[in-house]
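This report considers selected features of one protein model. Please examine the sequence and structure shown below before reading on.

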Amino acid sequence: MANLVIVESPSKASTIKGYLGSNYKVIASKGHVRDLPKSSLGVDIENNFDAHYINIRGKGDLIREIRKEAKNANKVFLATDPDREGEAISWHLAAALGIPVEKTLRVSFNEITKNAVKSAIKSPKTIDMNLVNAQQARRILDRILGYKLSPFLWKNVRSGLSAGRVQSVATRIIVEREEEIRSFVPVEYWTVDATLVSADGHEFAVRFYGDKNGRVKLNCEDDAMRVVNAVEGKDFSVAAVKKSKKKKLPAPPFTTSTMQQEASRKLGFQSQRIMRIAQELYEGVNIGSENGGVQGLITYMRTDSLRVSADAQADAKNYIFEKYGDKYCPATPRVYKMRAGAQDAHEAIRPTRVDIEPAKIKKYLTLDQFKLYKLIWERFVASQMESAVLSTVTADFEASGYIFRTSGYTVDFQGYMAVYEESEDDTRVSADEVSEQKNIRLPDVKEGQTVKYGGITPDKHFTEPPARYNDASLIKFLEEMGIGRPSTFATIITTIITRNYVKREGKSLVPTPTGELTNKLMKDHFPDIVNYRFTAQMETDLDSIENGEKEMNSVLEGFWRDFERELEKANENIKTEELEIPVEETDIICDKCGSKMIVKNGRFGKFAACPNYPQCKNTKPLNTNTNTEGEEKAAEKKVVIADFKCEKCGSDMVQRSGKFGSFFACSRYPECNFTKQKTRDIGVSCPKCASKIVMKTGRNRTVFYSCEKYPECDFSSWDLPVNEKCPDCGGLLFRKKGQSMLVCHNKDCGFKKPIENEKE
């Protein structure tokens, strides 16, 4: 009898199957198989918070199939993801299969590579109930809060609303930033920039700094013109030159948070999209037989650890030495200090094999996969390299008692900068920070030297309000405050958008009127729920359950005792007349009654409706930007955005599920009905036209293979093409469906070869 390995993802199952051989069968549970019921609370609060789990609707056939396979298996290995969620899925699977916890064979791996998978299978453990209970506590907390708070919101704000523990805090953060922007009062300030000319004719810019007593602010035009009139037309003398050498350290390898921030800044990806692509890279991609076939390209992508294994550091050092030379290798491997409270269960996010360069496998990856893998690969390699060496110079120039300053740097040794440079947040410069010109290329000047006047320009400015949050800056703030965990950041943002508490304007996150009103209600009546410290402390309590330091029920009891008291008090004190959601008007005129139409939210998103409903029931679609419409719908409906555009209208294409499997459809459906079948590159060339062969899903979800140029090229096959030529005729070999046999594509040849090892 074969051994059974159960994972949660079909693509992960495909990768692992290639590593284990014919003695193992790998099957996917497709996520959770049990959960709390949707129709009721499902938690007996009075009976030690006993949770009533049921099989998820639609999973019955799959559970029966897994039970059948488990019954016939020699051993059953539970190989879900190595985190709380994965541990909980394994626990639910064990319950569904009737396997006692103490007899489970739990395996996990930080990276899906052949060595890691085989090593884990050799050393199975039992399910860690501390991890399971930490996940249960989170699920029960959120269920209680959602079920108890949602009716309160329905009654006082609007039906259909729901509240979440961390999502409510995230909404508060965005609302408070918007309030800060609205209340911001611009302050006038001036800068004065002078152009100076060195002895060799080189022009460079300097900015007014102050006088011999220190920095001086220019608050109005009179202040600026006093400086201009004093120095205009006069030569400057070099008052001071300060030169120094500075080492610039590389950024550490990615954690979940920093990966999402950097991919948002550099690639423009939203957090949900980043995590989807990272999941694909972790679970495995076919990168061609010359690179090892199906490979998990990165380590586990939900982590806040900066630790890197000694083997990975050694591989990186060898690669850097061969590629760049000895001087780019630090004397000792770099070890990065983790932030307080960070979990060290997994390594930092890194490539599983540093020798798999992004450019080498670009043709096997989607555009999004390539961009994110390249970012992860470069960040990791740079993190293991020598520091960059910069020569910095700051120079002060004096005229009529006023000091002008400039600074700059040159790169003496690139070090890690030969591979990667970290991007910076979009920050607003205040009047206090505008004191010098920076990163200017300076001529070689010495103290006491005279430089000629070349011109002067006063400029009026106003201070700017803080920038709105985007995905990157919100995730950074959440992490700094200890709110949420690496696995939840993307879900938090998606949820508050889906619930219409927040909307996107470009890359910015902006609160909706519903979000602002709900936040006010929560702050007034449930201050603990939206309190930063309370939410962060709850995350600490969940960590304590995971570490075995606290009991699940004691944490739940402490939460419920305070929350129940707040809920009773809120229902007594609420004033419904004060809770009116502002109406969002449009410029669209109702062609039936002439009123100005308003924005409403429906099943398929926003639309324009007549404000005189039900007397006038006229509605119209809202004109939206087609470049972002698909992305917004994807966030709301949790669909995948394709890396190609609609061939009819140029809008985003999104993944849908239909009668015959997955396919891509225009995000503007039903206005545009263009569809395209979902395919997957398998890394094999078509024997007829040399284009790519892709995997497709046909009727009844059956898989087949065809040329990507079909129907122009009519090649198709039910059997799997492999990158191996027939030794008799040179034709393409296929793996015969349902058999351990390779056969030649050329029917006249008749070559057959049994597969001795399953990995072939």
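## The largest cavity

The lining of the largest cavity comprises 4 nonpolar, 3 polar and 2 charged residues; here Ala, Val, Leu, Ile, Met, Phe, Trp, Tyr, Cys and Pro count as nonpolar, Asp, Glu, Lys and Arg as charged, and the others, Gly among them, as polar. The model is predicted: local features need pLDDT of at least 70, side-chain atom pairs count only at pLDDT 80 or more, and totals for chains, interfaces and linings use all residues. Residues are numbered from 1 along each chain as its sequence is written, and side-chain values use heavy atoms, without hydrogens and water.

The lining residues are Q313, A316, K317, P330, A331, T332, P333, R334 and Q384. A cavity is a set of points, on a 1 Å grid over the protein atoms alone, where a 1.4 Å probe fits but cannot get out, and lining residues have an atom within 4 Å of a point. The volume of the largest cavity is about 70 Å³, where a volume is the space filled by probe spheres set on the points, joined across faces, edges and corners.

## A parallel sheet

Strands are DSSP runs (E, at least two residues), numbered from the N terminus, and two of them pair if DSSP finds at least two bridges between them. Strand 1 (residues 3–7) is joined to strand 2 by 5 bridges; N3 has Y24 in strand 2 as its bridge partner.

Strand 32 (residues 720–725) and strand 33 (residues 732–735) pair in the antiparallel sense over 3 bridges, with L720 opposite R735.

Notes. 1 Å grid on protein atoms, 1.4 Å probe; cavity = no way out; pocket = protein on both sides within 12 Å on 5 of 7 lines; lining within 4 Å. Helix = DSSP H or I, 4+ residues; strand = E, 2+ residues; numbered from the N terminus.
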